[in-house]
Amino acid sequence: MFGIPGKQAVTMTPKAVAQIRKLMERDGRHGLRIGVKKGGCAGMEYTMDYVDEAEPADEVVEQDGARVLIAPMAQMFLFGTEIDYETSLLESAFKFRNPNVADACGCGESIKFKDVEELEAKRQAQG
């Protein structure tokens with residue numbers, strides 16, 4: 001929907017690919033749908049849900065057996081994002097390195113995106 005021909009909407013690090021594949025295989029799922037919703041102290045939060053099939057408007061990104069589906073309303077906000085999976089002594093979690101984020105809260109759970117007009121202009125310039 002908001003893609004650039006020949007360029008994937010999001011990329012995944014090898015650790016993210018391994019974790020997504022593991023989750024898909026363990027639970028027999030088609031993939032993980034990522035999106036954004038209102039919430040948190042900065043205004044928006046990422047969402048991740050298991051899916052059994054793609055919706056017609058989903059952007060499907062496959063990389064080395066891992067499948068991520070991007071919800072239609074989130075596509076312009078997530079374009080260019082790198083998904084990683086980090087493990088530390090206290091937590092293991094997916095991390096999003098998103099060039100469209102203007103600000104984030106201190107805990108990293110909540111984000112604020114650049115203006116929609118700015119994101120659309122950037123996308124037009126790239127394509």
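Modeller: Let's start with a term: a salt bridge is a side-chain nitrogen of Lys or Arg within 4 Å of a carboxyl oxygen of Asp or Glu. This is a predicted model, in which local features need pLDDT of at least 70 and side-chain atom pairs count only at pLDDT 80 or more, while totals for chains, interfaces and linings use all residues. Residues are numbered from 1 along each chain as its sequence is written, and side-chain values use heavy atoms, with hydrogens and water left out.

Biologist: Why is the contact of Glu 62 with Arg 67 called a salt bridge?

Modeller: Their closest N and O atoms are 3.4 Å apart. The limit is 4 Å, so the pair qualifies. The structure holds nine salt bridges.

Biologist: Is Arg 67 buried or partly exposed, and what about Glu 62?

Modeller: Here the cut-offs matter: buried means under 20% relative accessible area, exposed means over 50%, and partly exposed lies in between, using a 1.4 Å probe and protein chains only. Arg 67 has 17%, so it counts as buried. Glu 62 has 49%, so it is partly exposed.

Biologist: Which salt bridges does Arg 97 form with Glu 82 and Asp 84, and what makes them count?

Modeller: Arg 97 and Glu 82 have their closest N and O atoms 2.7 Å apart. For Asp 84 and Arg 97 that distance is 2.8 Å. Both values are within 4 Å, so both pairs count. Glu 82, Asp 84, Glu 86 and Arg 97 are linked in a network of salt bridges.

Biologist: Which sheet do they belong to, and in what order do its strands lie?

Modeller: It is an open sheet of three strands in the order 1-6-7, with mixed pairing. Strand 1 and strand 7 are called edge strands because each pairs on one side only. Helix 1 packs on the sheet, touching strand 1, strand 6 and strand 7, and its direction makes about 75° with that of strand 6. That angle runs from 0 to 180 degrees between N-to-C directions, with axes fitted to C-alpha atoms, for helices over the stretch in contact.

Biologist: What makes a group of residues a nonpolar core, and which members touch the most others here?

Modeller: A nonpolar core is a set of buried Ala, Val, Leu, Ile, Met, Phe, Trp, Tyr and Cys residues joined through side-chain atoms within 4.5 Å. Of the 26 residues in the largest one, Met 12, Ile 20, Ile 34, Ile 70, Leu 78, Ile 83 and Phe 94 touch the most other members. Helix 1 gives the most to this core, with five residues.

Biologist: Which residues does Met 12 touch?

Modeller: Contact means heavy atoms within 4.5 Å. Not counting residues up to four places away in sequence, Met 12 touches Val 17, Ile 20, Val 61, Gln 63, Ala 66, Val 68 and Ile 83.

Biologist: Where is Gln 63 found, and is it buried or exposed?

Modeller: Gln 63 is found in strand 4 (residues 59-63). Its relative accessible area is 16%, so it is buried. Leaving aside neighbours within four places in sequence, Gln 63 is in contact with Gln 8, Thr 11, Met 12 and Val 17.

Biologist: And how many helices and strands does the chain have?

Modeller: The chain has three helices and nine strands. Of its 127 residues, 39% count as buried.

Notes: Helices (H or I, at least four residues) and strands (E, at least two) are DSSP runs, numbered from the N terminus. Two strands pair if DSSP finds at least two bridges between them.
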